[in-house]
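Please examine the sequence and the structure shown below. The paragraphs after them are meant for a reader who meets this protein for the first time.

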Amino acid sequence: MSETPEELALAPAVSAGASRSPSSDRAAEQNGGRRIQVLSAEVAQQIAAGEVVTRPADAVKELIENSIDACLTLPDSGLTDGQAGGVGLPPRVDVEIRGGGLGLIRVIDTGRGIPADQLALAFERHATSKIRSTADLFAIHSLGFRGEALASIASVSRIVAYSRTLGADLGELLELDAGKAGERGQRAGPLGTSLTIRNLFQNVPARLRFLRTSTGEAGQVVHLISQYALAYPEIRFTLLNEGRLVFQSPGSGKVEDVLVKAHGASLAGRFLPFDSVAGHVRVWGFVAEPGMHRGTRTGVSIFVNRRLIQSRPLFYAIEEAYQPELPTGRHPIAALFLEIPASEIDVNVHPTKAEIRFVDERAIYSAVRRAVRETILRSAPLPTVGTALAAVGGPAWSADPMTDVSEPPTAAAPVGLGRDVWADDRPPSSGSSWPPATGEEAAGDSSAAPAESAGSGESRPVDPLAPAAIRAAGLPILHPLGQVRRTYIVAEGPDGVYFVDQHTAHERIRYEEVRTQKAASGVASQGLLSPIVVELTPRQWELLGEGAPKLRELGFDIEPFGERSCLLRAVPAMLRSDDPARELGEMIDALAQEEPAAGIDPAAALLACHSAVRAGDALTPVEIRELLGRLEGLDVWRYCPHGRPIVIRLDAAQLARDFKRI
Ligand code: ADP
Ligand code: MG
């Protein structure tokens, strides 16, 4: 390539000018004064830039993606690891913004650098080192590949670029103004690349008018950087806003470390890891314990092959997995990583690469929901008295005497505003403070008492005192004390008094039994003394066509008997009912239901429910001990198949405090 960007920019404009003649002007007048002409490269560039870069955060995104690509492809020879960062140190990406990015964006990395002779080329459109052929488009391993970002940003700003590669004594400096190359030359400087963008959108006043306040923009940038830091924990990211350090990730390689930086120290140790494989897809990541949630959707980050994406279906998959522990209007905090073979996705659907197409979206949706659900069921801490209400959708955070208030309110995490995920239902931002408030904090009174503000932003921990033992997988060994209101079993356990809902507990035990028996030889059944004829509704009759084998698996012995009736000879042995005909009808209805929660079999859940002891049933001490013993043996014992809690703990330390013993 011999043309400089100036020549490129000038060429079409000159030829357009030369083709003007008095006669063509006359023709133009006849055409309502509008001639058709090819746009100058400059104008075309600005239009194209609009697709990639519509706001400062977009420019930052493109620049840090380039830096990440450069840090992850460091040459093997010579310095390794952080290169300019130093041997043994993590690679670094340092970002600085002023005026919400409109005044200044500076991104400095310790990556591989751009060779001096290619620096100008990097700012040309469709210039990329990352792919060569269309075949490469289907196996993209870098974040960038379109070769558009630098050209787009350059066309709407003033840039100073500096880069030095390993082995070069001096680096190369290049200045560009609205895409036109200016001063250039060799300079001494560190290894890696530094790009300084000033006057963003100065030559596109219309775009400037549509931008948020600079605080809002800065909020976007903080969110963005924290997201990339999650995806690339091995890189150390730093963000300065107006000269103040607002975010820094440790570069330790651990996602958990970054999660704490991104969401606040109050969440340290409160993330539950998950990792599972479904078909070609690995689904892994971290979810915050169900008691930890926030009022906006920005707490959920989704990455596909380490690329940050927005996906409404996957967001809902996570949210659904949290039901019913999530109070209404609250959203989970999670980082979800999907690893999918490049052939199973298409990333090249959108200029900003924020959306992605999955070959089999449904399968991925279920895999995510299942992985998150199982994690929550297995390892969430027990609800304590008073907080379980919030967990089943009651008032989210009323003044709660059971919650320890000695812990200071969460230091506001710098991740206030996220990318506008779904602008339609996002609360407006006030944009007057830094760090920017989350939606409902902005709407509320900023002078709220610390405890209240802690409640409205990051949620309070459900149980700050829960000993680690209780958060381990199984139900602790409990010593039964008795039954209250013929509904709850009261027992003593580690560090407190435990209340067990006898119905939900037994329901879970039965449900697991049904599943085990079904997987083996079918659920044990019990013959009726004499068979009964059950009349079905037309809809039930319809469902029975396909459902009969499932009912047989559940222990019903049925055969068709004339028009819309069937003969019932045996029912599941565990069923506690004196009306087998009604049970059968309800069971058929349940067959038509969608799964009520991830992986829950509706008919099995119904059978479990109808086989379990009820509230109001008096239990003998032997029965109580038997029930607790069975519950202790289960992996999944926190919630019944319908999602209601089984065990609630009254904390011993809390009792001691309330009795003024400590
Ligand atoms: P893309 O990232 O899609 O390839 P860009 O316009 O963002 O396109 O960048 C063009 C090229 O410039 C990249 O392919 C890469 O070779 C080079 N480049 C850009 N930024 C950096 C950087 N921070 N470090 C090293 N090389 C870079
Ligand atoms: Mg790029």
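This is a predicted model: local features need pLDDT of at least 70, side-chain atom pairs count only at pLDDT 80 or more; totals for chains, interfaces and linings use all residues.

Residues are numbered from 1 along each chain as its sequence is written, chains are lettered from A and ligands numbered from 1 in the order in which they are written, and side-chain values use heavy atoms, with hydrogens and water left out.

The protein contains 21 helices and 22 strands; these are DSSP runs numbered from the N terminus, with helices (H or I) of at least four residues and strands (E) of at least two. Of its 662 residues, 49% count as buried. Here buried means under 20% relative accessible area, exposed means over 50%, and partly exposed lies in between, with a 1.4 Å probe and protein chains only. The accessible surface comes to about 30200 Å², and carbon and sulfur atoms account for 53% of that area; such areas come from the Shrake-Rupley method with a 1.4 Å probe, and for residues only the protein chains shown count as cover. A contact means heavy atoms within 4.5 Å. Among contacts between residues at least 6 apart in sequence, 70% join residues at least 24 apart.

Two strands are said to pair if DSSP finds at least two bridges between them. Strand S1 (residues 92–98) runs parallel to strand S7 (residues 236–241), with six bridges between them, and Leu 240 of S7 is the bridge partner of Glu 96. On S7 there is also an antiparallel pairing with strand S8 (residues 244–248), made over four bridges, in which Asn 241 stands opposite Arg 244. The hairpin of S7 and S8 has two residues between the strands, and Glu 242 takes a positive phi near 45° there.

A further set of pairings involves strand S10 (residues 281–288). Seven of the eight residues of S10 are buried, so this strand is largely enclosed by the rest of the structure. Strand S9 (residues 271–278) pairs with S10 in the antiparallel sense over eight bridges, and Phe 274 stands opposite Gly 285. Two residues lie between the strands in the hairpin of S9 and S10, where Gly 279 takes a positive phi near 60°. S10 pairs as well with strand S13 (residues 334–339), again in the antiparallel sense, over six bridges; in S13, Leu 336 is the bridge partner of Gly 285.

What of the interior? In soluble globular proteins, nonpolar side chains tend to be buried together. A nonpolar core is a set of buried Ala, Val, Leu, Ile, Met, Phe, Trp, Tyr and Cys residues joined through side-chain atoms within 4.5 Å. The largest such core has 93 residues, and those with the most contacts inside it are Phe 123, Phe 237, Leu 338, Phe 358 and Val 368. Helix H8 (residues 214–231) supplies the largest share of this core, nine residues. Beyond its neighbours within four places in sequence, Phe 358 is in contact with residues including Val 304, Ile 309, Leu 338 and Ile 364. A second, separate core of 29 residues includes Tyr 511, Leu 544, Leu 568 and Met 587.

Ser 611, in helix H19 (residues 602–611), counts as buried because its relative accessibility is 0%. Setting aside neighbours within four places in sequence, Ser 611 is in contact with His 506, Arg 510, Met 574, Leu 575 and Arg 576.

The structure holds 24 salt bridges, each being a side-chain nitrogen of Lys or Arg within 4 Å of a carboxyl oxygen of Asp or Glu. Arg 98 forms one with Glu 96, the closest N and O atoms being 3.5 Å apart. Arg 98 is partly exposed at 35% relative accessible area, whereas Glu 96 counts as buried at 15%. Another salt bridge joins Glu 148 and Arg 125 (3.4 Å, N to O). Glu 559 forms a salt bridge with Arg 569, with the closest N and O atoms 3.2 Å apart. That pair links distant parts of the chain, with Glu 559 in strand S20 (residues 557–560) and Arg 569 in strand S21 (residues 565–572), ten residues apart. Finally, salt bridges that share partners join Glu 96, Arg 98, Arg 106 and Glu 242 into one network.
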